[in-house]
Amino acid sequence: MPYLAKPDENGWGKEHDYLISAVHARRLPGVNCPLEGAWATTGINYPTLDVALIDSRVGELPAHPIPIEDYKALVARIEPIAGPERPLRPGANLGPLRGTARGLVGDFAWVNPWTMLVRSSTYQELLSSGFSLDGAEARIDFDNGSTEPVIELEACGKVALANLPSREVCPVCGRLPITKPKRMVLEAASYDSALPLQRIVELPTFFVVNDDLGEFIRARGFSNVTLTKIELK
C-alpha cells in the first residue's frame, strides 16, 4: 500500500524554525474560460525543464490569465520541450527554484506542502540505493551560510482518485471542479507501484510514495517528512 508524504509540521516544524522563500524560474499563465472564469492549477512543478530553451521558443510568458485558445497555442509550442510525461496545465511551474532560506533544514525540506526538496547528500543516497528520482538543484541562498545544495524532486501526476463524485470536465477548458474528499482513495488501475514518487492527477498538491521508498525513508529515519498509508481500490 502506498503512502502520502507531507512535511513533519508536528516534529521538525516545531523543533526547528526554518523558512524557504522561493519561486520557480517560470510559470505558465492561468486561463480565462467563458464557462469557468479565470483559473489555474496549484501543485504542478517541473524543475528539471530547460527554461532557456523555453525562452528561446516562446519568449516571455504572460503573467495573467489568457483566453483558452491562446493558452492552447502557447502550450503547443512548449510541449515538445516538456514531453508527454509532463502535462502543461494552467499555472504549472517550470525550471528550478530561486530564493532564500533561514534556519536549519532536515533531510527533507519544503517550500510548501507540494514543493518537496531534499539535501544533496540525501538525494545521492536515494539514487545510490536504486530509486529513480528526477531532481534539480534549487538556487537557494541560506542565511546560515550552508553550502550543501538542496534538490527539488520532480513528480508527475500519474495516479487517479477512485472516489470522485464526478469526472465531468468543462467542455471548453477541461477544468475538473473538485474538492478534497474527506477520505482519499486511489484508483488501483492507475497506480504504478514501480514509480517511487508521483502526484495525484486531480489533486497534484499531494505526493504519493510507493512501498519501497516509504519503507526506505522510515528505515533511514529521514527528518522532516511524514508518511501516511493511503488505500487503493
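Asn32 stands opposite Ala38 of strand E4. This pair is a place to start reading the model, which is predicted. The strands E3, residues 31–33, and E4 run antiparallel and are joined by 3 bridges.

**The two open sheets**

Strands E3 and E4 belong to an open sheet of 3 strands, ordered E4-E3-E6, in which the pairing is mixed. Its edges are formed by strand E4 (37–39) and strand E6 (66–67), and each of these pairs on one side only.

Another open sheet has 5 strands in the order E12-E14-E15-E1-E16, again with mixed pairing. Strand E12 (157–159) and E16 each have a single partner strand, so one side of each has no neighbour in the sheet. On average, neighbouring strands here are turned by 50° against each other, direction ignored.

Which strands pair with E1? One partner is strand E16 (residues 226–229), which is antiparallel to strand E1 (residues 3–6) and joined to it over 4 bridges. Another is strand E15 (residues 207–209), also antiparallel, with 3 bridges to E1. Leu4 takes part in both pairings: Thr228 stands opposite it in E16, and Val208 is its bridge partner in E15. For Ala5, the bridge partner in E16 is Leu227.

**Lys6 and its surroundings**

Lys6 is also placed in strand E1. Setting aside residues up to four places away in sequence, Lys6 touches Trp110, Phe206, Asn224, Val225 and Thr226. From C-alpha to C-alpha, Lys6 and Phe207 are 7.5 Å apart in space, although 201 residues separate them in sequence.

Asn224, one of the residues that Lys6 touches, lies in the loop between helix H5 (211–220) and E16. Most residues other than glycine have a negative phi.

**Aromatic pairs**

How many aromatic pairs does the whole structure hold? The search finds 4 of them. In the pair of Trp110 and Phe207, the ring centres are 6.1 Å apart and the planes stand at 65°; the pair is therefore edge-to-face. An angle over 60 degrees is what places a pair in that class.

Are the residues discussed so far buried or exposed? The table gives four of them; the cut-off for buried is under 20% relative accessible area.

| Residue | Relative accessible area | State |
|---|---|---|
| Trp110 | 5% | buried |
| Phe207 | 1% | buried |
| Asn224 | 3% | buried |
| Lys6 | 37% | partly exposed |

**Nonpolar cores**

The largest nonpolar core has 35 residues, and the members touching the most others are Ile20, Phe108, Met116, Ile140, Leu197 and Val225.

What does Met116 touch? Leaving out residues up to four places away in sequence, the list is Ala5, Phe108, Ala109, Trp110, Ile151, Glu152, Leu153, Leu197 and Phe207. Both residues of the edge-to-face pair, Trp110 and Phe207, are therefore among the contacts of Met116.

There is also a second, separate core of 26 residues, including Cys33, Ile44, Val58 and Ile81. In soluble globular proteins, nonpolar side chains tend to be buried together.

The crossing of H2 past H3 is right-handed.

Technical notes. Residues are numbered from 1 along each chain as its sequence is written. This is a predicted model: local features need pLDDT of at least 70, side-chain atom pairs count only at pLDDT 80 or more; totals for chains, interfaces and linings use all residues. Side-chain values use heavy atoms; hydrogens and water are left out. A nonpolar core is a set of buried Ala, Val, Leu, Ile, Met, Phe, Trp, Tyr and Cys residues joined through side-chain atoms within 4.5 Å. Buried means under 20% relative accessible area, exposed over 50%, partly exposed in between (1.4 Å probe, protein chains only). Contact means heavy atoms within 4.5 Å. Two strands pair if DSSP finds at least two bridges between them. Rings of Phe, Tyr and Trp (its six-membered ring) pair if their centres lie within 6.5 Å; planes under 30 degrees apart count as stacked, over 60 as edge-to-face and the rest as tilted. A crossing is left-handed if the near helix is turned anticlockwise from the far one by less than a right angle, and right-handed if clockwise. Axes are lines fitted to C-alpha atoms, for helices over the stretch in contact, and angles run from 0 to 180 degrees between N-to-C directions.
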